[in-house]
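Dear colleague,

I am handing over the structure below for you to look through. My notes on it follow.

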Amino acid sequence: MTGSTPQQDLDRPHDLVGVGIGPFNLSLAALADGVPGGLAATFFEQRPAFHWHPGLLIDGATLQVPFLADLVTLADPASPWSFLSYLRSRERLFPFYFAEKFHIQRAEYDAYCRWVSERLPGLHFGHQVDSVRWNPERKLFEVDFTQLDQDGEAAALGRAYTRNVVLGVGTEPYVPEPLRPLADAPGVPVFHAADYLTHRETLLRAGHVTVIGSGQSGAEVFLDLLRGRPAGAERISWLARTEAFAPMEYSKLGLEHFTPDYTRYFHALPEPVRGELMPRQWQLHKGIDADTIAAIHNELYRRTLHGGWPDAVLTPGVRVRTAGRVATTQVELHLEHVQQGSRSRLTTDAVVLATGYRERPVGRMLAGLDPYLRHDSAGRARIDERYRLVLDPSVTGSVYVQNAERHTHGVGAPDLGLAAWRSAVILNAVTGKEPYPLPRRTAFTSFGLDAREAPSIPSQDRKLTPLVEH
């Protein structure tokens, strides 16, 4: 929904105001639409329409989660906003049935989300939220926003009042410090992978291209460039800090780290333990899909059939120390091999940074809540089990977060497979009821020894023989 926002509709207190309309808040909006008795909810997004990583919708690239990880199904399979409902509206159910695709293409997921965003009530695109404050007299949050015109310029100011706020502002591309001056400089061919498709033709024409980053995005960009460049003259390098171009942990029991059971377990761990655990779990969410690795190897192997090796260099364990321009068009990367301790220089014509994303900062937006916010020992926001920022008790409303809680809820925070479940948890908390009954157990693994973490273990009436030393 775009266009004007009647202020009289916003003067009435809402039950819920969402900031940002990415997949997670879109999931929340879709499930809020189905709450019995209705829920006064509205959502603001500064972009003019829904788009999900448009620069990475590479032809053939698939989601790393099954299609059941849509906006609603894992909380409400009967919802009219499911992926299957989308297919039915497009008269594509039978083709999908015969295609036997459990993992759909990213472009199709984006199209599905846009279909939902264009039909759901209460979504306001072209609205930039400027600040969120607590009004102790009215016992409501004030959400100030700027309505933008088609050119992204300020057209009008407005304010909404609400009992609860949900922050779903998403993440932003991360550029390592040594490369920021080049990435920010106009005319320098250093691009983040988030903008890959925008610059794809330029990259295919470049004399030499370097891809930096060992995750799924880096692998997909490298594969697409490899396929698009001539055999024997590929002139492409792929560098990564990790010790290997490693596969994603995708075993059935490994995937149970993306269940509500593990989320609850992780949240209950002491803060220092959570901090130590997160870096060790990188392969759960930063590895490469095994099919993508196989496709890369197959493409490289295919190019050896007539003798010789492809002009492609794949080197893990490398970090970029510094970087600069050479002449007017080339980039020089100063590299260090972490294990060898050796250093070298690489001159390239273009660089793609598949260096991931970081949480979008919301400090300015939430400046009015600073006196009420509670932080952990690292200065991060404390977040309770139901995804609420821990606020001073004088604040009777709640601020929920989506995909900003990895430090408290674990690796599943950015995972699409937990989107519907988290939305249901939030809506159950907002309503004080249970419009979406949730399962008590979701994993075969019992992650802790606490009996509360494994409620379904059958009792065994037998005595244990004590251990004795011989």
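Where is the place of glutamate 100? Glutamate 100 is in the loop between helix 4 and helix 5 (106–117). Helices (H or I, at least four residues) and strands (E, at least two) are DSSP runs, numbered from the N terminus.

Before the rest, the basis of these notes. This is a predicted model, in which local features need pLDDT of at least 70 and side-chain atom pairs count only at pLDDT 80 or more, while totals for chains, interfaces and linings use all residues. Residues are numbered from 1 along each chain as its sequence is written, and side-chain values use heavy atoms, with hydrogens and water left out.

Backbone and exposure

Glutamate 100 is not a glycine, yet has a positive phi of about 55°. Its relative accessible area is 71%, so glutamate 100 is exposed. Here buried means under 20% relative accessible area, exposed means over 50%, and partly exposed is in between (1.4 Å probe, protein chains only).

Tyrosine 387 also is not a glycine and has a positive phi, of about 70°. This residue is found in the loop between strand 17 (357–359) and strand 18 (398–401). Tyrosine 387 is buried, with a relative accessible area of 3%. Arginine 422 lies over the face of tyrosine 387, at 5.9 Å from the ring centre. A charge sits over a ring if NZ of Lys or CZ of Arg is within 6 Å of the ring centre and within 35 degrees of the ring normal. The charged end of arginine 47 is placed over the ring of phenylalanine 50, 6.0 Å from its centre.

Aromatic residues

The structure holds 23 aromatic pairs. Rings of Phe, Tyr and Trp (its six-membered ring) pair if their centres lie within 6.5 Å; planes under 30 degrees apart count as stacked, over 60 as edge-to-face and the rest as tilted. The ring centres of phenylalanine 94 and phenylalanine 98 are 6.3 Å apart and the planes are at 40°, so this pair is tilted. Phenylalanine 94 and phenylalanine 98 are 4 residues apart in helix 4 (residues 93–99), and therefore separated by about one helical turn. Both phenylalanine 94 and phenylalanine 98 are exposed. One aromatic cluster is formed by Trp52, Phe67, Trp81, Phe83, Tyr86, Phe96, Phe102, Tyr109, Tyr112 and Trp115.

Helix 9 and helix 10

How do these two helices pack, and at what angle? Helix 9 (residues 260–268) packs on helix 10 (residues 271–280) at an angle of about 130°, and the axes are 8 Å apart. That makes helix 9 oblique to helix 10. Axes are lines fitted to C-alpha atoms, for helices over the stretch in contact, and angles run from 0 to 180 degrees between N-to-C directions. Angles under 35 degrees count as roughly parallel, over 145 as roughly antiparallel, 65 to 115 as roughly perpendicular and the rest as oblique.

On the helix 9 side, Tyr262, Phe266 and His267 meet Arg274, Leu277 and Met278 of helix 10. By class, this contact of helix 9 with helix 10 has 4 nonpolar, 1 polar and 1 charged residues. Contact means heavy atoms within 4.5 Å. Ala, Val, Leu, Ile, Met, Phe, Trp, Tyr, Cys and Pro count as nonpolar, Asp, Glu, Lys and Arg as charged, and the others, Gly among them, as polar.

The buried residues of helix 9 are Pro260, Asp261, Tyr262, Thr263, Phe266 and His267. Their cover includes helix 10, helix 13 (406–409) and helix 14 (419–431).

Single positions

Alanine 194 is in the loop between strand 9 (190–192) and helix 7 (196–205), and is buried at a relative accessible area of 17%. Leaving aside neighbours within four places in sequence, alanine 194 is in contact with Gly55, Leu56, Pro173 and Tyr357.

Leucine 239 is in strand 11 (residues 236–239) and is buried, with a relative accessible area of 5%. Leucine 239 and valine 318 are 79 residues apart in sequence, with their C-alpha atoms 6.3 Å apart in space. Not counting residues up to four places away in sequence, leucine 239 touches Thr210, Val211, Ile212, Gly213, Thr315, Leu335 and Leu346.

Glutamine 339 is in the loop between strand 14 (330–337) and strand 15 (343–348), and is exposed at 59% relative accessible area. From C-alpha to C-alpha, glutamine 339 and valine 318 are 8.6 Å apart.

Regards
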